There are 2 protein chains.
Amino acid sequence: METRKILLIICDGMGDRLSKGKTPLEEAEKMNMDFIAKNGICGIMDPVRQGIRPGSDTAHLSLLGYDPFKVYTGRGALEALGLGIEIAENEIALRCNFATIKNGKIIDRRAGREEYGLEEIAAQLSGMKIDGVEIELHKASGHRGVLILRGEGLSAKISDSDPEKENVPIQEVKALMPSKEAKKTAGVLNKFTRLALEILKDHKINKDRVKMGKLPANAILCRGAGTKPEIPSLEEKYGLKGICISATTLIKGVCRAAGMDTPPVEGATGHIDSNIKEKAKLALKVFDRYDLILLHIKGTDEASHDGNFDAKVKMIERIDKEVVEILLNKINLDEVTLVLTSDHSTPISIRQHSADPVPIAIIGDVRVDQVKKFTERECAKGGLNRIHGMYLMDMLLDLSNRAKLFGA
Amino acid sequence: METRKILLIICDGMGDRLSKGKTPLEEAEKMNMDFIAKNGICGIMDPVRQGIRPGSDTAHLSLLGYDPFKVYTGRGALEALGLGIEIAENEIALRCNFATIKNGKIIDRRAGREEYGLEEIAAQLSGMKIDGVEIELHKASGHRGVLILRGEGLSAKISDSDPEKENVPIQEVKALMPSKEAKKTAGVLNKFTRLALEILKDHKINKDRVKMGKLPANAILCRGAGTKPEIPSLEEKYGLKGICISATTLIKGVCRAAGMDTPPVEGATGHIDSNIKEKAKLALKVFDRYDLILLHIKGTDEASHDGNFDAKVKMIERIDKEVVEILLNKINLDEVTLVLTSDHSTPISIRQHSADPVPIAIIGDVRVDQVKKFTERECAKGGLNRIHGMYLMDMLLDLSNRAKLFGA
């Protein structure tokens with residue numbers, strides 16, 4: 001039996017609820033996605049578990065076959081991995097935002113999403129020692145960053161300084177356990193937050209930003225403290241050589257933790273204006289060298305968080321033309337198990353991740369069903385019924401003739 | 001994001017199989033239930049797990065988010081809680097029936113469902129000490145009662161005296177473990193059963209009952225020995241302030257164990273003639289003060305246990321008019337996540353609980369599907385597909401904008 005390659009297209013936050021009676025997938029014109037639905041088997045999928053609102057990190061862990069309830073150690077460590085930063089056992093990583101504060105209140109959690117000068121700011125805030133702990137700040141994609149705390153006696157059991165809303169002050173970080181380590185780590189982080197405010201207040205970069213009509217990046221918000229996750233690679237677990245084509249640090253981090261290659265993609269930004277065509281081209285270029293190609297597109301989630309229905313529709317239409325069509329034109333469907341899905345739903349109505357299942361369509365040696373459109377509600381009528389994200393990888397190993405028999 | 005209130009209407013044992021090609025839900029005229037199906041998302045739900053025949057207690061535990069395989073400690077303790085009886089750790093509670101015995105055989109397990117004098121009988125049998133163990137018998141709703149054993153060295157690992165069928169003798173209670181405690185408890189219960197038979201044989205109440213043409217309540221059948229369940233409240237678990245509107249002691253007990261308020265409902269009896277309109281009125285009255293309102297109606301299950309198809313249809317039609325219509329007319333559907341479902345199926349064909357999944361419809365910020373009728377077979381075609389009862393509460397937290405994100 002020839003094995004098939006597994007091509008997994010994950011459109012971040014693409015699943016939705018109804019806006020004026022329709023989801024973005026129902027509104028979009030997307031004949032290539034519909035081709036997959038029509039010629040494949042469809043269903044809905046709970047990325048982590050029924051009723052669980054997944055993050056993109058826990059969802060991707062689950063879709064790669066790892067139980068996030070067991071292995072998830074927080075966003076920070078995955079972001080660090082995604083940036084190619086090595087962290088040792090017991091070192092702490094946190095996800096950060098470069099943000100804008102005014103009169104003691106956060107007025108933009110993403111500093112206008114403007115990247116100008118953020119590398120320089122990160123370098124400026126790196127290298128200091130607080131209570132013997134070395135501080136390292138790295139710029140990630142967009143307004144995102146990663147903070148690493150290196151030193152003895154640290155703990156990830158601390159709360160966030162990022163309140164995850166605007167028009168409120170930065171939160172005091174607290175120990176979540178009554179341990180010496182957690183108290184020390186919270187203390188270090190609070191001191192860092194205050195120092196950063198002082199240093200960035202009149203920083204040259206921020207003066208430049210304001211002159212340019214941009215918001216200053218004058219505060220660092222941290223969340224998701226974590227240590228490095230200890231998981232076997234996809235190669236060890238399934239014998240799969242995998243590659244992740246994504247511009248999103250967090251996703252690259254999850255994939256690196258799973259032992260996948262995570263090459264840079266030219267012009268891919270993780271925003272709705274990303275050069276996603278380049279991702280399809282890269283996928284085709286490396287196609288022969290990998291068993292599992294995971295192609296991730298962030299723009300759909302970004303449009304959802306902004307509550308922008310039209311932008312989400314347009315992004316879906318771009319993915320259809322610039323990614324799915326290119327791939328369908330070039331790959332041999334007899335040699336591939338192709339999956340189109342999402343890591344979680346991000347309904348426009350709530351602008352945040354939800355527990356609604358995501359649509360999924362699989363083309364290959366499958367029981368093709370009657371579903372003709374790739375939408376949440378049509379896929380719910382499909383032959384897969386409702387599946388569990390954590391078992392997806394097992395199903396794909398089976399459909400690609402790689403699964404081991406259990407029993408005799 | 002505004003949170004929504006959660007309104008959960010649970011019609012006990014409403015799910016069914018086919019009688020002459022139709023289920024009671026398919027036969028009933030119920031435009032308000034169908035309105036929920038038509039304007040919501042539908043599915044079928046396994047209250048406890050696929051293939052498990054749930055009791056109303058284990059099902060309600062599961063629907064409230066508690067894993068009954070882990071936390072269920074027997075019916076008795078929940079009945080006691082439902083009656084407002086406090087039981088301490090290591091004390092044993094049992095569910096009882098006031099029953100009718102003749103020539104050594106049980107001829108009616110429910111003493112004709114006649115309540116006359118049962119309070120007096122319960123008082124008569126309370127207060128005695130057997131082998132140093134204090135006996136307390138409380139009348140519950142209808143023919144039901146609760147027996148409490150208070151003392152040292154007791155165990156709930158004992159069999160039932162109630163054979164759960166008629167035309168057979170009362171069962172000898174046996175220790176289910178070779179422990180001293182289980183043997184002692186079984187012994188106490190057997191002595192109590194025999195004492196009760198003697199005391200009730202020629203009791204004045206029973207003479208009165210016979211004169212009135214009623215069956216005598218001359219035996220006490222016990223089952224479901226248990227200790228108090230140790231579970232966190234809904235407030236601790238989910239931050240939900242909950243109220244349970246039910247006339248059924250067992251359901252009130254589950255809800256009290258979960259920290260919910262369980263006020264009395266005027267005229268509500270748990271029978272098919274119950275004043276269920278009062279439940280809807282009470283729900284509306286307390287609506288503003290709670291996050292979760294659970295409205296439970298028992299009559300559908302009672303008709304099922306009696307094998308009475310027409311009575312079940314009529315009860316469904318009453319619920320539709322006297323509960324669902326009243327609620328739909330008054331609540332603002334933009335502020336509520338409304339769920340209509342059942343705790344388990346009780347098919348007319350077998351007159352007992354079955355493992356068949358139950359229909360469920362949810363109205364709110366959901367992916368409204370094409371289902372137009374609230375029936376078992378139509379809901380099975382719905383957008384929820386088949387869901388797990390134990391994850392229902394997580395889904396409702398998500399749909400009511402209360403769920404925490406897992407990951408980032």
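Here come some questions and answers about this predicted model.

Q: Is B:Ile348 buried or exposed?
A: B:Ile348 sits in the loop between strand 11 (336-341) and strand 12 (358-363) of chain B. Its relative accessible area is 10%. Buried means under 20%, so B:Ile348 counts as buried.

Q: Which residues is B:Ile348 in contact with, leaving aside its neighbours within four places in sequence?
A: Contact here takes heavy atoms within 4.5 Å. With those neighbours set aside, the partners of B:Ile348 are B:Asp16, B:Ser19, B:Pro24, B:Ala303, B:Ser304, B:Gly307, B:Asn308, B:Phe309 and B:Lys312.

Q: How many residues of helix 5 of chain A are buried?
A: Helix 5 covers residues 75-82 of chain A and is mostly covered. Its cover includes helix 3 (56-63), strand 4 (92-102), strand 8 (144-150), strand 9 (219-226) and helix 10 (249-257) of chain A. From A:Arg75 and A:Gly76 to A:Leu81 and A:Gly82, the buried count is eight of eight.

Q: Which element gives the most to the lining of the second largest pocket?
A: That pocket holds about 1200 Å³ of space. Elements of chain B that give two or more residues to its lining include helix 3 (56-63), helix 5 (75-82) and strand 8 (219-226). The one that gives the most, with four residues, is strand 8 of chain B.

Q: How many charged residues are in the lining of the second largest pocket?
A: The lining has 43 residues, and B:Gly55, B:Arg75, B:Glu164, B:Arg223 and B:His353 lie nearest the pocket's centre. By class, 13 are nonpolar and 13 polar, while the charged ones number 17.

Notes:
Residues numbered from 1 in each chain as written. Chains lettered and ligands numbered in written order. Predicted model: local features only at pLDDT ≥ 70, side-chain atom pairs only at ≥ 80, totals over all residues. Heavy atoms only, no water. Buried < 20%, exposed > 50% of the residue type's maximum accessible area, 1.4 Å probe, protein only. 1 Å grid on protein atoms, 1.4 Å probe; cavity = no way out; pocket = protein on both sides within 12 Å on 5 of 7 lines; lining within 4 Å. Points joined across faces, edges and corners; volume = space filled by probe spheres on them. Nonpolar A, V, L, I, M, F, W, Y, C, P; charged D, E, K, R; others polar.
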